[in-house]
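Let's learn to read a few features of a protein model together. Take a look at the picture, then follow the questions.

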Amino acid sequence: MLSISQAYKLFFTLPHQFLSASVNHFSSFPRTKILSTNLTQPLTKQTLTSLIESSSSNLNHLRQMQAFLLTTGLSIKTSLITQLITYFSSLGQICYARKLFDGIHKPRPFLWTTLMKLYLENDLHIEGASTYSTMHQIGVKPDNFTYPIVIKACGELDLWLGSSVHAHVLQYGFDFDFVVRTELMIMYVKFGELGSADYLFETMTGKDLVAWNALITAYVQNGLASKSLNLFHQMGSKGVKPDSVTIVGTMSACAQLGCLEMGENIYDFARKQGIIVDSSTIVNNARLDMYMKCGRIDMAQNLFNKMPQKSVISWSTMIVGYAFNGYSKKALDIFAEMQIEGVKPNYVTFLGVLSACSHGALVNEGWIYFEYMNESRDKNIRPRKEHYACMVDLLGRSGQLEEAYKFIKSMPIEPDSAIWGALLGACSIHHNIKLGQHVADLLFKLAPEIGSYHVLISNMYASAGRWNCVKKVRRRMRQRGIKKVAAYSYVEFNGELHGFYGGDKSHPQSKIIYGELEKLIKELKIMGYAPKTDSVFHDVDMEEKEATLSTHSEKLAIVFGIINIRPDHPIRVMKNLRACDDCHNFCKSVTKYTMREIVMRDKNRFHHLKNGVCSCNDFW
């Protein structure tokens, strides 16, 4: 007869056809003891929990444990089944986990919530929301742990669905639960329902630092940096002391806006107050990101060199930052250094690598990195839609439009609007109206509400003088209520943002700015600057085109900087859209004439301009 320890060992080595006999033998010792690592343990729920945990990385062992629980009647123990379901899911067996769940008689709300959570962890948001729907339909009453999970799922799907769940929250009386309300706030921010998010926050009783941080982070993650900073200032007026999470969120907001001075002030305040320490990798990563997005690659590199600990986020931030600033070779050098140091890259790292190839027109290198990702066994770096979009951008920018189109058609995943949008942008740069028209038609079906695609094809028609086509596109935009995003630029000065729209005269210094701008353009024309009137996409005469060009937002911002910012300091301009060809030429001419340095960040990249030369080499 086998000893207890022999039976335990045999349990995990028998093939499936002998599993039943093994289980019967193993269970033939009533209230027996199992020897494990030379310790005796009663066959209790705690012992079984440990056994399941020790089997968590082995699918075969987990199935044997499941069979053991079923044959011994221990499958009624909800905690043990929950543990099995969780581990099956962690091994990629979410369908098997669901079958195990479906075999449970009247699962409790906790089990339903666990299943929904597992779906979310596997990015199966529809399945998670559908599970909640089933739960609701059969009359299982949810608890306060259920709603944060299902609200997160709705945040990835649909506002109407989320609003319906919010109604259930009110129905079951969970509307004042702190975690539930916080998740509702985050969901509404994602869908741009800022009024609803603000109302939930303002009416939250006894909100603590976690609530403040949640909303600050939600605003940042959804591109609402100004609201994030406003909330941070409200914290101070309310006497709520920030923590490191708050500081990271606000520095990320400063990074989005390009507010270097403001970000540095927030960092200094937090350090003096003892809120953060210089050795914090998370805080330093936020600083790296801020420096890179403000065009201060020197400060980022200096900080990176001094960091006592560097995570994959640190390396990826540097690679993405150098790529965005137009220093493609340096980005790839950092990636090579990362590999030498033995740091494992992730999908963000490769986004930076492919972006570097795109900004540097490094097509061959881009293909090499992409194929490496494609052939990798590491699922964390297998190409995602963002990487495919980068490859389309790389091929398209380099003029290989047909190759880019073929690449999209051969993709193993369904291309989304971002991928087709990258090709449309390339068609616009290279004036390929035939392909651009075909791509635009696809985009109007995929994402009819995105105005930038309508504007791109309209501008392509305008460049070709096809004004009837321009009128048709603009008429369609009006009929559908689609509005063109207005271009604006801003400069940080004395801790404040000074913003300008095209032809804008609302700034207190407008009279001085327009006077200086007129003088500057005259001087630049003498030096050889000639306005590129083909950057005006309206059917007007040449004089009116030049007048329109002369008051573009970045020109106003640059002249404001010349007037107010010290000559030995660069003028940093942030713009929400791609800089037009004329403004790019204007900036180069200004740096040559005034000997001032200009750092301009547009939608696509940074332009470091000095002595009439731009870091982009006129490729953007």
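Q: What is a salt bridge?
A: A salt bridge is a side-chain nitrogen of Lys or Arg within 4 Å of a carboxyl oxygen of Asp or Glu. Side chains of opposite charge can pair when their charged atoms come close. Keep in mind that this is a predicted model.

Q: How many salt bridges does a search of the whole structure find?
A: The search finds 15 salt bridges. In one of them, the side chains of E183 and K152 meet, at 3.9 Å from N to O. E183 sits in helix 11 and K152 in helix 9, so this pair ties together parts that are 31 residues apart in sequence.

Q: Is E183 buried or exposed?
A: Buried means under 20% relative accessible area. E183 has 14%, so E183 is buried.

Q: Which residue forms a salt bridge with D378?
A: That is K344, with the closest N and O atoms 3.5 Å apart. Both residues lie in loops: D378 between helix 22 and helix 23, K344 between helix 20 and helix 21. D378 is buried at 18%, whereas K344 is exposed at 57%.

Q: Which residues gather in a patch of positive charge on the surface?
A: Lys and Arg count as positive. Here K471, K472, R475 and R478 gather in such a patch. K472 belongs to helix 28, which covers residues 467–479, and K472 is exposed, with a relative accessible area of 55%.

Conventions:
Residues are numbered from 1 along each chain as its sequence is written. This is a predicted model: local features need pLDDT of at least 70, side-chain atom pairs count only at pLDDT 80 or more; totals for chains, interfaces and linings use all residues. Side-chain values use heavy atoms; hydrogens and water are left out. Patches are made of residues with over 30% relative accessible area and no salt bridge: like charges are joined within 9 Å, nonpolar side chains (Val, Leu, Ile, Met, Phe, Trp, Tyr) within 5 Å. Accessible areas come from the Shrake-Rupley method with a 1.4 Å probe; for residues, only the protein chains shown count as cover. The place of a charge is taken as NZ of Lys, CZ of Arg, CG of Asp or CD of Glu. Helices (H or I, at least four residues) and strands (E, at least two) are DSSP runs, numbered from the N terminus. Buried means under 20% relative accessible area, exposed over 50%, partly exposed in between (1.4 Å probe, protein chains only).
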